[in-house]
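Have the sequence and the model open, try each task, and then read through the solution.

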Amino acid sequence: MSAATKQGFDTGVRHEPIRTSLSIEAMKRAYFDNLFYVQARSPDTATDHDRYMAAAFTVRDRMLERWIKTAQTCKNACARTVCYFSAEYLLGPHLQNNIINLGIADKVASLVDELGLDAENIIAQEEEPGLGNGGLGRLAACYLDSLATLQIPAIGYGIRYEFGIFDQRIEQGWQVEVSDLWLRNGNPWEIARPKLRFPVGFGGHTEAYADDQGKTRVRWIPDLVVNGVAHDTPILGYQVANTNLLRLWRSEASSSFDFQAFNSGDYYGAVNAKVIAENISKVLYPNDEPDAGKALRLRQQYFFVACSLQDMIRLHLEHAPSLDNFHEKFVAQLNDTHPAIAVVELMRLLLDEYHYAWDRAWEITRQTFAYTNHTLLPEALETWSVDLFRQLLPRHLEIIFEINRRFLDQMRIRYPFDHERIAGLSLIAEGAEQRVRMAHLATVGSFAVNGVAALHTDLLKNTVMKDFYELWPEKFHNVTNGVTPRRFVLLSNPALGELLNRVAGPSWARDMASLRSLETYAEDAGFHEEWQSMKITAKRRLAKLISQRTNIQVDPRSLFDIQVKRIHEYKRQHLNALHIITLYEHIKNNAQLDITPRTFIFGGKAAPDYAMAKLMIKLITSIGDVINHDPQVRDVLRVVFYPDFNVKHAQPVYPAADLSEQISMAGKEASGTGNMKFSMNGALTIGTLDGANVEIRDEVGPENFFLFGLTVEEVGQTLNAGYHPWEICNSNDQLRGAIELIDSGLFSHGDTDLFRPLTENLIHHDPYLVLADYASYVDCQADVDTAFKDRPRWNRMSILNVARMGKFSSDRSIQDYCDTIWKIRPTPVRISSGDDT
C-alpha cells in the first residue's frame, strides 16, 4: 500500500492550487498552462479549438480531485452503488454544464472578459457526443446528473461509439445522413484506461466436463474473442463534491495483426480480426434490417454488458471474498431491453466461472437487476431469433432455455390448464421462427419493473405485461421521467435562471418544488413585463440561429409553435402539417382574417431506413417553401425545419417556445421528456392525454393546458368498432381540402405522386388516428390563438407552468428510484476547501 493511500487522499498527495483552486487567478494560470503545455500553443498562435481544449482541461482539472475523492469515499464506506446499464447516452456538450455544476459561472465570465476571449466561438468548438438516438439516451444523461447531485454512488455503463447518431443535413427538402465524427478533434473529458480491458467471446460451442469435485460443469469455447477497453468520463453533481463515473467500452481485437496470414500473402486476413472487433463499437445502432445488422446489434448489446459485469465483479472482489453478497453491493438498472442479456451473462459468470449452484446463482442475479420499460410499441419490444442466438451466444441460449424451462414448470403448477397464458409468459415466442423475448427475460430476471409515466405504467400492467403483473404485482412500480433543470434551465435559459434565483432563491435548481413561490407573481403586471422580456430575448436568440442555419427570417413577436422530437408517425408531425395547410387555406380564402402570426418550427431526425418519416420531413420543408415565399401569407405564417436536432441545438429551442406540440396518439408515448423541458421554460402545451402529458396537466392545472384528442379508452373503442378514416376525410371539408391540396402538387412542384404514399396511408389506414383527432386539434389551435392575443392571460398561464413543474425534475425521479426500488442512501463526499477564493 502506498504512503498516499495509507495517509489518506488529502494528506498523501498535495496538489498545486493551479490544478484545484476555483480562484480566478489560479484558473487563469491553469488556462495558459494548458494552452502551452497540452495544446503546445502560444496565445498568439492558438485557434478557437485550442482555446476550447485549454478551457476544457482547466475545468476538468477541478473535477478530477472530486472524482478521485468520490471513488475513495464510496470504497471506504462500502457504499451500495447503482450501475446504470444503457446502450445510449445523449450527454450534450460538457463545458458549460460542468462550469455551472462547479458553481464558477460568474468567475469564468469575468475571466473571459479579462482575457478578451470570444466565449461563443470557444463554446461552439465542442463536438456533441451523439451516443444516443433520442429520449432514451437523454434520460440516461439526466439521470447521471441527478445521481451525482443527490450524492448517490453510481456508475453509468455503455458503449463508446466511434460514430454516434448521424448528423442531419436537409438537401432539397430531404434528410441526408452524414457521419458523426465527434472524436475527430479529440475528447478532453474522457480518460482512456488501456490497462482496464476485459475479454468478450462470440460464437463457438459449449462442452460439458467434470470439475475437481466431480460436478458436471459447462465450458464455453468461443471462436472469436475481442477486448473491451474502458474510457472514463467524470460526471459532476450540481454544487456538490460528488463526481460519479461514466464508463464506456471500446472494442478492439485481442490481436491486431496476424503475421502468419500476412507472411502467407493473405493481407486481408492479417487485419481481418481487428476490423471485425472494432466494428462492434464503430457506430450507434446499425441498420438492423439485414441479417448482418441484426448480428452486429446483438454483439453490441452483449459486448457492453459482458465488459460491465466483469468490471463490477472486479470491483466487488477487491474488498469481498466472494460474490455471495454481490447484489448487496450493486444494483444494476436496465435502461430498456437493450442490456437485458446481462441477466443471462451474470448467470453464466456465476455458474461457469465462479461455480455457483443454479439456485444460488439465480437468487443473486434476480436480486441484482431492475428493469425499466420504455415502450408499448410492439416493434420496439425487442426479440431476437433463436438461430442468431445459437450462432453468436450458444452458451447464453442454453441458459435462456433452462431459465425458461424452470419458470414454465412453476407456471404450469400455478396455471395448470391455461396453455394460452403459459405461452404468453414464455421467454420464447413460438411460430415460424422461434424468438427470444427480451422484455420477458428482463422481467423474469429482475426484482423490479417500472414504467416511466403513470399512464404508461397502467397500460404496461393491463396490456403487454398483464400476465406478469398478475403474477407479481409487487414487482411493478411507476417512476415518472424527469429532466435536469441545470442543463435545461440554468444553462439553456440564463435569463429565466436569473429571474428564478431572484424570486425563489438559488436553491430552486436542486429543489424545484420551491418554484411554487412563483404563483404569487402570476397576476403581477410588473412581473409580467419581466417575463415577456425574458421570453422575447430567448426568441430573438433562436430567430438569429434560424437565420444562420436555414436562411429563413422569422419574427420573434410571432407565436413560436414548436414540435421538436424524433420523426415518427405516432408522434404525428403530419397532424401538425395538416393544421398548417388548413390555416394557409383560410388565409388564402380570406385576406382579412384576424389570425395570430405564427412561426411553426420543426426539428428531429428520422431513422435512415424509415421511408414514411423521411417523407414527412420532405412534406414539412415543402410546405415551408410555399408558405415562406407566398407574399399573401408569409407575414402571418412561417414554417421552419431546424436541422440536425440534438442536445446542443435543442438548448436555445426550449426557452424560445410559446407553444409546445405534444400531439402523439394517446397510448403510444411512454412518457416524453421534451414536454417537460418546454414547460419548465414557460411554454404552454397543446397535447393529448398521452405519456407524461397527463401528469403535467394535473400539475399545472387543466386551465393552463390545451387538451384535445381521443383518450386511450376512446382510441381502443374507435379501433375496435372498425375505423374508416376515409369517412372522416369525406365528412370534413377542411380536412379533405388539406389532403387534396397536398395531392394537387402545390407543395411538390406539380408532382402529384410525391406525397401520395403519405396521403394514401392516412386515408386508407391511418394507424395513429391522425384524421380522427384532426377536428379536435384544429379547434384547440383556435383556442390557442385566442389565448395568445390575451397577453395577461397567456403570461399567467406561462408563469404557472414553470411554478408547478417541480415534479418533473430528474432529481425527483432518482429519489423515487432510491426510495422504492434501489433502497439506497446518499454518500456525501467532502474535500478540503483549499484556495477557492
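## Exercise 1: Cysteines

Cys307 has a relative accessible area of 0%, so this residue is buried (under 20%; exposed means over 50%, and partly exposed is in between, with a 1.4 Å probe and protein chains only). Before going on, a word on the ground rules: this is a predicted model, where local features need pLDDT of at least 70, side-chain atom pairs count only at pLDDT 80 or more, and totals for chains, interfaces and linings use all residues. Residues are numbered from 1 along each chain as its sequence is written, and side-chain values use heavy atoms, with hydrogens and water left out.

Solution. 
- Step 1. Recall the bond: a disulfide covalently links the sulfur atoms of two cysteines.
- Step 2. Cys83 is in none either, as its nearest cysteine sulfur, in Cys74, lies 11 Å off.

## Exercise 2: Positive phi

Solution. 
- Step 1. Start with the background: most residues other than glycine have a negative phi.
- Step 2. Read the angles: phi is near 65 degrees for Arg572 and near 55 degrees for His749, a positive value in a residue other than glycine in each case.
- Step 3. Helices (H or I, at least four residues) and strands (E, at least two) are DSSP runs, numbered from the N terminus.

## Exercise 3: Two polar contacts

Task: which side chains do Gln39 and Ser664 meet in a polar contact?

A polar contact is a pair of N or O atoms within 3.5 Å; within protein, one must be able to donate a hydrogen and the other to accept it, and residues adjacent in sequence count only if both atoms are side-chain atoms.

Solution. 
- Step 1. Find Gln39 in the loop between α4 (24–38) and α5 (48–76). At 17% relative accessible area, Gln39 is buried.
- Step 2. List the residues that Gln39 touches (heavy atoms within 4.5 Å), leaving out those up to four places away in sequence: Asn34, Asp50, Met53, Ala54 and Phe57.
- Step 3. Pick the partner: the side chain of Gln39 makes its polar contact with that of Asp50, at 3.1 Å.
- Step 4. Move to Ser664, in the loop between β22 (659–662) and α29 (674–680). With 6% relative accessibility, Ser664 counts as buried.
- Step 5. Among the residues Ser664 touches are Arg572, from the exercise above, and Asp690. The side chains of Ser664 and Asp690 are joined by a polar contact of 2.6 Å.

## Exercise 4: The largest cavity

Task: how many cavities of 30 Å³ or more are there, and which residues are closest to the centre of the largest?

On a 1 Å grid over the protein atoms alone, a cavity is a set of points where a 1.4 Å probe fits but cannot get out, and lining residues have an atom within 4 Å of a point. Grid points are joined across faces, edges and corners, and a volume is the space filled by probe spheres set on the points.

Solution. 
- Step 1. Count: there are five such cavities.
- Step 2. Size up the largest: its space is about 160 Å³.
- Step 3. Look at the lining: 15 residues form it, and Leu91, Asn97, Asp145, Ile235 and Arg487 are the closest to the centre.
- Step 4. Trace the elements: α6 (95–102), α9 (135–149) and β10 (224–236) each give two or more residues to this lining.

Note on methods. On a 1 Å grid over the protein atoms alone, a cavity is a set of points where a 1.4 Å probe fits but cannot get out, and a pocket is an open set with protein on both sides within 12 Å along at least five of seven lines; lining residues have an atom within 4 Å of a point. A disulfide is a pair of cysteine sulfur atoms within 2.5 Å.
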